[in-house]
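Student: May we go through this structure by question and answer, with each term given its cut-offs?

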Amino acid sequence: MRTRTITACVILLVLYLSPPAAGQVYVTEDVVANTVWYYDSEPYIIKADITVADGCTLTIEPGVRVRFAGSWWLQTGLNGSAIIANGELDIGGTTEDRTIDFIPHIGRGASRVGMGVRVVNSDASSFDFCVFYACEYGLYLDTSDVSVFGTRFSNCLIGLYCADSSPLISNCDFFSCDTAVGAWGRASTPSFISCNFTQNHLWNIYLQGYDPPLVTIDARLCYWQTQVASEIEDTIYHDVDNPSVYGHVDFSDWLIEGPVEQTSWG
């Protein structure tokens, strides 16, 4: 009898420590403790504005689909919380790509909805190999100098928005958004390295709210779908267009072909 009791306790402990079973998870309440969203339990369907409480970290495993069932936000708190969304991508295509997708619940064919991920006052957050599709603001950074790597922003109203934030954006793809990148405030000096800007409808980069003195945004060595400087300039709104905007985008030394293969996003 004692042996059976011990065995039962071990089984219960294993069940307690194991990730949740496969299925789908409806998210309706704030994240109030360190939490992992597991690949085996995806998709995670957001049905309310979800805040990661101060001092907590939400970690999202590679391959997870985060679906927004309406105009909701997934966001950090005001102080000391973080969202870690680090997917995996095999550029050679020899293994399964496991990006983390932030998409409407009704499918990738849907028109954009008022949803997205907002990071507030959190330099600890990071986004690697993610996909933001059909969002109002794909990734909204507010006073957050995060890193974003290998991520695709597609069919968004604004793919990436920086408010007083200076993230490092590398090897990312901005495709078919109304505005690929918006930035506000002279504390916003994002850096772009080896990024694609293709088929965006209004602007590739749009600056506003930049007070003197002049600051420079480094967007060199990116691909703009054209080799004509004046055509690149026409897709950027900065001091050249409005002298009262004291922000300048340096796009010199552009690339002649896209550094990021769009087919890598499955």
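Tutor: Buried means under 20% relative accessible area, exposed over 50% and partly exposed in between, with a 1.4 Å probe and protein chains only. Strands are DSSP runs (E, at least two residues), numbered from the N terminus. The model is predicted: local features need pLDDT of at least 70, side-chain atom pairs count only at pLDDT 80 or more, and totals for chains, interfaces and linings use all residues. Residues are numbered from 1 along each chain as its sequence is written, and side-chain values use heavy atoms, with hydrogens and water left out.

Student: Why is strand 19 largely enclosed by the rest of the structure?

Tutor: Strand 19 spans residues 179-184. It is largely enclosed because, of its six residues, the number buried is five.

Student: Which residue of strand 19 is the bridge partner of tyrosine 161?

Tutor: Two strands pair if DSSP finds at least two bridges between them. Strand 16 (residues 158-163) pairs with strand 19 in the parallel sense over five bridges. In strand 19, the partner of tyrosine 161 is glycine 182.

Student: Which residue of strand 22 is the bridge partner of threonine 179?

Tutor: Strand 22 (residues 203-208) runs parallel to strand 19, and five bridges join them. In strand 22, the partner of threonine 179 is tryptophan 203.

Student: Is alanine 124 buried or exposed?

Tutor: Alanine 124 lies in the loop between strand 10 (116-120) and strand 11 (126-128). Leaving aside neighbours within four places in sequence, alanine 124 contacts (heavy atoms within 4.5 Å) Ala82 and Ile84. With a relative accessibility of 54%, alanine 124 counts as exposed.

Definitions and conventions. Helix = DSSP H or I, 4+ residues; strand = E, 2+ residues; numbered from the N terminus.
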